[in-house]
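Welcome, and please have a look at the chain below.

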Amino acid sequence: MRTILITGPGGSGRTAVAAATALRAAGEGTPTLVLGADRTDTLGAALGTATGPAPTRVTPTLTAWRPDAAARFREDLTAFQTRAASVLDLLGASRLDAEELTPLPGAEELSLLRALRDAALSERYDLLVVDLPPAPQALGLLALPEELRRYLRRLLPPERQAARALRPVLGRLAGVPMPSDWLYETAARWDVELAAVEAVLADRRTAVRLVAEPGPAGADAVRSARLGLALRGLRTEALVVNRVLPEDTPLHGLVAQQRKAVADWTETFDVTVVPHLGHDPRGAEDLAALAVPGVNTAPAPVEWPVADRIEEDGVLVWHIPLPGAIRDGLDLVRRGDELVITVGGFRRIVALPSALRRCTVAGAALRDGELRLRFAPDPDLWPR
């Protein structure tokens with residue numbers, strides 16, 4: 001399944017572009033699901049068909065779905081209380097009824113990720129179009145599966161479960177109860193679910209489409225989003241420049257500003273200019289008038305290759321694309337077999353490729369939007 005993730009600065013019209021992208025692909029005969037994240041039905045307003053917690057058939061080949069984060073949160077917390085009943089009773093805790101539960105911050109994001117996973121596993125669609133939140137929130141959302149899996153592995157290492165026979169003895173020695181089997185089972189289930197989401201995001205057929213209005217604010221937001229996406233290993237497939245005014249608009253200064261932004265972006269992105277309709281798009285006719293680009297069926301994968309320069313320079317070079325990064329905003333820290341990369345306000349902890357784990361860091365350089373890390377083989381670890 002091909003997945004297109006659509007985001008951009010807040011108020012850029014990304015939902016209408018997501019709806020138009022899905023409608024165009026469905027019109028070409030591709031079974032398509034468009035997934036929305038907003039609490040209000042902005043997706044349904046654009047499509048001209050109300051959407052909600054149950055998938056809604058918009059056309060014979062297009063389905064729209066807006067998961068109910070509140071309902072899923074209530075189900076999960078109620079199930080957790082049931083599984084943790086013995087611990088809660090020991091603490092004298094008072095149970096929460098489903099009717100009094102309201103979603104906590106982050107519930108919408110988790111609900112959207114689960115819906116993305118469920119859609120990918122259903123194998124009912126050839127294309128999934130995801131209307132993500134505005135870019136800053138979207139970048140945090142896309143980082144969530146990897147970060148949560150890392151936390152789970154550190155807090156509840158799977159290998160510790162193998163010592164379940166020793167738990168009663170360890171509990172008496174430590175003077176505190178050891179984690180129960182259900183806790184490890186829950187962690188393992190979460191890890192599998194998060195891994196499925198990660199697999200969708202890391203798939204070579206997954207790409208991001210940015211939506212922005214032309215202008216200084218849009219330029220800054222696009223620059224930041226592109227860098228954040230690159231750090232996550234996600235490819236920016238295209239930039240949809242939305243709400244572009246016609247040349248004969250009396251607002252000559254604004255028109256000139258938009259034209260300059262479009263010209264600058266064309267040097268970097270595959271740009272599609274979408275006209276300003278004079279009103280918010282509503283229904284199939286308006287969405288067709290946006291003339292959004294079609295979906296590329298053969299996207300170029302994102303690569304972080306390791307080049308073997310042992311014979312020439314005595315090092316291995318890890319190439320990490322970071323378009324738009326500047327040296328002053330870059331920080332690198334190696335921690336064991338991991339590398340902590342901080343750039344442009346974004347941070348990611350990545351595992352070193354296996355060959356580099358037997359090396360020491362010999363230097364780093366940032367050139368032409370690419371980070372090049374040099375690793376020298378460690379004589380004590382490198383095979384002779």
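What follows is a tour of helices, sheets, a pocket and a few single residues.

## Before you start

This is a predicted model, in which local features need pLDDT of at least 70 and side-chain atom pairs count only at pLDDT 80 or more, while totals for chains, interfaces and linings use all residues. Residues are numbered from 1 along each chain as its sequence is written, and side-chain values use heavy atoms, with hydrogens and water left out.

Helices (H or I, at least four residues) and strands (E, at least two) are DSSP runs, numbered from the N terminus. Two strands are said to pair if DSSP finds at least two bridges between them. Buried means under 20% relative accessible area, exposed means over 50%, and partly exposed is in between, with a 1.4 Å probe and protein chains only.

## Helix α6

Let's begin with helix α6, which covers residues 135-155. Its end C-alpha atoms are 30 Å apart, which agrees with the 30 Å that 21 residues should span at 1.5 Å a residue; the expected span is 1.5 Å times one less than the number of residues. Look at L144 too: α6 bends there by about 45°, and the proline P145 follows within four residues. The bend is the angle between axes fitted to the seven residues ending at a residue and the seven starting there.

Which residues of α6 are buried? They are A135, A138, L139, L141, L142, A143, P145, E146, R149, R150 and L152. As background for reading such a list, an α-helix has 3.6 residues a turn, so residues three or four places apart point the same way.

## The second largest pocket

Helix α6 comes up again here: α6 and α8 (181-202) each supply at least two residues of the lining of the second largest pocket. This pocket holds about 470 Å³ of space and is lined by 19 residues. L201, A202, R232, G233 and R348 are the lining residues that lie nearest its centre.

For the terms, a pocket is an open set of points on a 1 Å grid over the protein atoms alone, with protein on both sides within 12 Å along at least five of seven lines, and lining residues have an atom within 4 Å of a point. Grid points are joined across faces, edges and corners, and the volume is the space filled by probe spheres set on the points.

Strand β2 (residues 32-36) runs parallel to β4 and is joined to it by four bridges, with L33 opposite T63. Strand β3 (residues 56-59) pairs with β4 in the antiparallel sense over three bridges, and here R57 stands opposite T63. β3 and β4 form a hairpin, with two residues between them.

Six bridges link β12 (residues 338-343) with β13 (residues 346-351); L339 stands opposite V350, and V343 has F346 as its bridge partner. In the turn of the β12-β13 hairpin, G344 has a positive phi of about 55°.

The other open sheet has four strands in the order β9-β10-β15-β14, again antiparallel. Its edge strands are β9 (306-309) and β14 (359-367), each pairing on one side only. Neighbouring strands are turned by 25° against each other on average, direction ignored. β14 and β15 (residues 370-377) are joined by eight bridges, and C359 is partnered with P377.

Most residues other than glycine have a negative phi. E123, in the loop between α5 (107-122) and β5 (127-131), has a positive phi near 60° and counts as exposed at 70% relative accessibility. A291, in the loop between α11 and β9, has a positive phi of about 55° and is partly exposed at 49%.

Finally, L287 in helix α11 (residues 283-289) is buried, with a relative accessible area of 3%. L287 and T21 are 266 residues apart in sequence, and their C-alpha atoms are 8.5 Å apart in space.

Note on methods:
Axes are lines fitted to C-alpha atoms, for helices over the stretch in contact, and angles run from 0 to 180 degrees between N-to-C directions. On a 1 Å grid over the protein atoms alone, a cavity is a set of points where a 1.4 Å probe fits but cannot get out, and a pocket is an open set with protein on both sides within 12 Å along at least five of seven lines; lining residues have an atom within 4 Å of a point.
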